[in-house]
Amino acid sequence: MALEARFRPGDRVRVMNAYPLGHVRTPCYIRGHTGVVERLCGSFANPEELAQMRSGLPARPLYRVRFLQAEVWHDYRGRPDDAVEIEIFQHWLEKA
Amino acid sequence: MGGLPAGPVEPSEHEYAEWERRVDALMVLLSGIKGPQKLLTVDELRKNIEALGPEAYDRMSYYERWVTSITQTMLQRGVITTEELARKMREVEERGA
């Protein structure tokens with residue numbers, strides 16, 4: 001049992017800018033930033049629920065999302081096309 | 001810690017102490033990779049490491065964080081009680097005295 005994947009490779013997505021209590025795998029530094037879906041990695045039990053002794057089901061789609069380093073770090077001095085890729089669950093993403 | 005400046009990464013290797021090997025084995029057994037029961041998820045381990053607070057996180061070594069987090073998880077799940085833990089810790093201390 002898994003939730004339906006709402007995004008496809010190439011879609012622009014924004015990471016939810018939220019700071020809930022609990023165990024969250026979405027890094028703080030990427031919240032609120034916009035990137036491009038690189039691939040769907042599969043569907044997995046929600047770690048936020050697994051951390052609280054629950055099943056985490058239904059499984060949720062997990063995406064690899066690509067962000068430009070220069071947009072994430074204001075003082076970034078590398079190449080302008082350098083990217084960081086982060087695996088993020090669907091419920092942390094919205095269409096940009 | 002999550003996105004904070006931390007200086008350069010310094011890779012280092014060390015021989016594992018016997019207690020560190022035991023903590024590792026404990027994690028394998030409790031997470032059900034081997035053995036009959038699953039009493040812990042890696043996500044609970046991470047949650048309880050994150051709950052240590054920055055001061056404790058920096059002070060503790062890698063396996064100290066693990067054993068603290070495993071203990072917290074066992075208390076939360078009711079596998080052991082605080083009373084049992086206190087009794088056992090006193091026993092071990094007296095053994096070493």
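**Close-ups of a predicted two-chain model**

View 1. Look for Val15(A), which sits opposite Leu93(A) of S5(A).

**View 2. The two faces of S1(A).** Which residues of strand S1 (residues 12-15) of chain A lie on the covered face, and which on the uncovered one? Val13(A) and Val15(A) make up the covered face, while Arg12(A) and Arg14(A) are on the uncovered face.

**View 3. Chain A as a whole.** Two helices and five strands make up its secondary structure, and from the N terminus they come in the order β-β-α-β-α-β-β. The C-alpha trace spans about 45 × 30 × 20 Å along its principal axes. For 96 residues a compact globule would have a radius of gyration near 12 Å, and the 14 Å of chain A agrees with that. Buried residues come to 19% of the 96. Of the contacts with a separation of 6 or more, 58% link residues 24 or more positions apart.

**View 4. Where chain B touches chain A.** Nine residues from chain B and eight from chain A form the contact. On the chain B side, helix H2 (residues 42-50) gives the most, with five residues. That side holds six charged residues, three polar and no nonpolar ones.

Terms used: Residues numbered from 1 in each chain as written. Chains lettered and ligands numbered in written order. Predicted model: local features only at pLDDT ≥ 70, side-chain atom pairs only at ≥ 80, totals over all residues. Contact = placed C-beta atoms within 7 Å. Helix = DSSP H or I, 4+ residues; strand = E, 2+ residues; numbered from the N terminus. Nonpolar A, V, L, I, M, F, W, Y, C, P; charged D, E, K, R; others polar. Rg over C-alpha atoms; globule rule 2.2 N^0.38 Å. Buried ≥ 20, exposed ≤ 12 C-beta atoms within 10 Å, placed from the backbone. Pairing = 2+ DSSP bridges.
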